[in-house]
Amino acid sequence: MPEELLMLKTSRIILFIIIVTALFIPNTLAYPINVTDNFGYTVTIEKTPMRIVSLSPCNTEILFAVGASDRVVGGTEYDTYPPEAVNLAKIGGFKTINIEAVVNMSPDLVLAEDGNGLDTINTLKSLDLKVVTLNPKTMDDILENIQLVGNITGNDDTAASLTADMTQHIRNITDMTEDIPDSRKPGILYIVWHEPMYAAGAGSFPDDLIRMAGGKNIIEAEGWPVISIEDVVDKNPQIIICSGMGGSSYTIMEAITGNQVLAQTDAVKNNKVYPVDDPNTIELAGPRIVRGLAELHSYITPEIQPEEIVSPTPDTSSTPGFGMVLALGMILMVYSKRKRLS
């Protein structure tokens, strides 16, 4: 084989290896990078994180979704999605993080969440661990956090593709609902337990999704308040969504539909009480939240009031003989009334 041809073939092989390597190995050329977490802290990421500990189920979902699953070495006891996350080494519960277990995993990134508690987060930082904390409040925050995690882990392209797909799903629904006036929107009650009755209020993810799906949340209080049966009857929801972890959505639904007081509401009267099979698709700030939005939209759409069709008032002033017809009609009405009374 001529030397020139051999060199050309060798060069092509080397180029092929470089391309494949670039595709499958995290990009380390962009580091170090500075990122700002949801608490407003600037964190410097010196190199591609290779040992990541996740402190919440939604953070774990995001890490797997952006393509960093092979670098997640620890998660919480509540990590159940994707199914592979169940096999992660456990560092405790969401609010009961085992600090020693986290440290023993020698992570170069800890992805925390506001719900872990400031004491836990600050303790991990004091131990010189690299901690990035997420605290999403809205759907937009979730999308931004997915991009943030993609950036930190060197999976920008995957994160961008994922959020673009999610954004399209969201727009498919909001394009149909954003101009619906409140007068046409059905009242929605989203509850997570029945004794006492806990509901999703303003500022919660279900509240955000209900609005986007074309409904209006009947609970105006912030967070997850306890509400009374009397208050529910007074607000009269057209739809009640029952959301309970571990399959308890159906338990809640049975309690609601079997309550004689709540039977006065339109939702119970019209069989519009729905159990949520997987509350995590609505209540966790991860990629699957668009599924939750679609589910709520499927319940709400049939109950959106149609636009009032106002028939144009005919211009009768120019109608020949209209005055005479009207006068005769009035005379007949009076005559008929007198005849009935006699």
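This briefing covers the pocket, the sheet and its helices, an aromatic pair, and some backbone details of one structure. The model is predicted: local features need pLDDT of at least 70, side-chain atom pairs count only at pLDDT 80 or more, and totals for chains, interfaces and linings use all residues. Residues are numbered from 1 along each chain as its sequence is written, and side-chain values use heavy atoms, with hydrogens and water left out. Helices (H or I, at least four residues) and strands (E, at least two) are DSSP runs, numbered from the N terminus.

**Largest pocket**

- The largest pocket holds about 870 Å³ of space; a volume here is the space filled by probe spheres set on grid points, which are joined across faces, edges and corners.
- On a 1 Å grid over the protein atoms alone, a pocket is an open set of points where a 1.4 Å probe fits, with protein on both sides within 12 Å along at least five of seven lines; lining residues have an atom within 4 Å of a point.
- The lining of the largest pocket has 29 residues, and Phe-94, Glu-113, Trp-224, Glu-283 and Leu-284 lie nearest the centre.
- Helix H2 (57–65), helix H7 (205–212) and helix H11 (280–283) are the elements that give two or more residues to this lining.
- By class, the lining has 13 nonpolar, 10 polar and 6 charged residues; Ala, Val, Leu, Ile, Met, Phe, Trp, Tyr, Cys and Pro count as nonpolar, Asp, Glu, Lys and Arg as charged, and the others, Gly among them, as polar.

**Sheet and packed helices**

- An open sheet of 5 strands has the order S5-S4-S3-S6-S7, with parallel pairing; two strands pair if DSSP finds at least two bridges between them.
- Strand S5 (89–90) and strand S7 (131–134) are the edge strands, each pairing on one side only.
- Strand S3 (residues 52–54) and strand S4 (residues 72–75) run parallel and are joined by 2 bridges; Ile-52 has Val-72 as its bridge partner in S4.
- Helix H4 (residues 118–126) packs on the sheet, where it touches strand S6 (109–113) and S7, and its direction makes about 160° with that of S7.
- Helix H5 (residues 139–153) lies across S3, S6 and S7 and runs at about 165° to S7.
- Axes for these angles are lines fitted to C-alpha atoms, for helices over the stretch in contact (heavy atoms within 4.5 Å); angles run from 0 to 180 degrees between N-to-C directions.

- The structure holds 1 aromatic pair; rings of Phe, Tyr and Trp (its six-membered ring) pair if their centres lie within 6.5 Å, and planes under 30 degrees apart count as stacked, over 60 as edge-to-face and the rest as tilted.
- The ring centres of Tyr-274 and Tyr-299 are 4.2 Å apart and the planes are at 5°, so the pair is stacked.
- Tyr-274 is in strand S13 (residues 273–275) and Tyr-299 in helix H12 (residues 289–300), 25 residues apart, so the pair links distant parts of the chain.
- Arg-291 is also found in helix H12 and, leaving aside neighbours within four places in sequence, is in contact with Tyr-81 and Thr-281.

**Backbone details**

- Most residues other than glycine have a negative phi, and most peptide bonds are trans.
- The peptide bond from Tyr-81 to Pro-82 is cis, with omega near -10°, and Pro-82 is placed in the loop between S4 and S5.
- The bond from Glu-195 to Pro-196 is cis, with omega near -10°; Pro-196 lies in the loop between strand S8 (187–194) and strand S9 (197–199).
- Ser-106 has a positive phi, near 50°, and lies in the loop between helix H3 (99–104) and S6.
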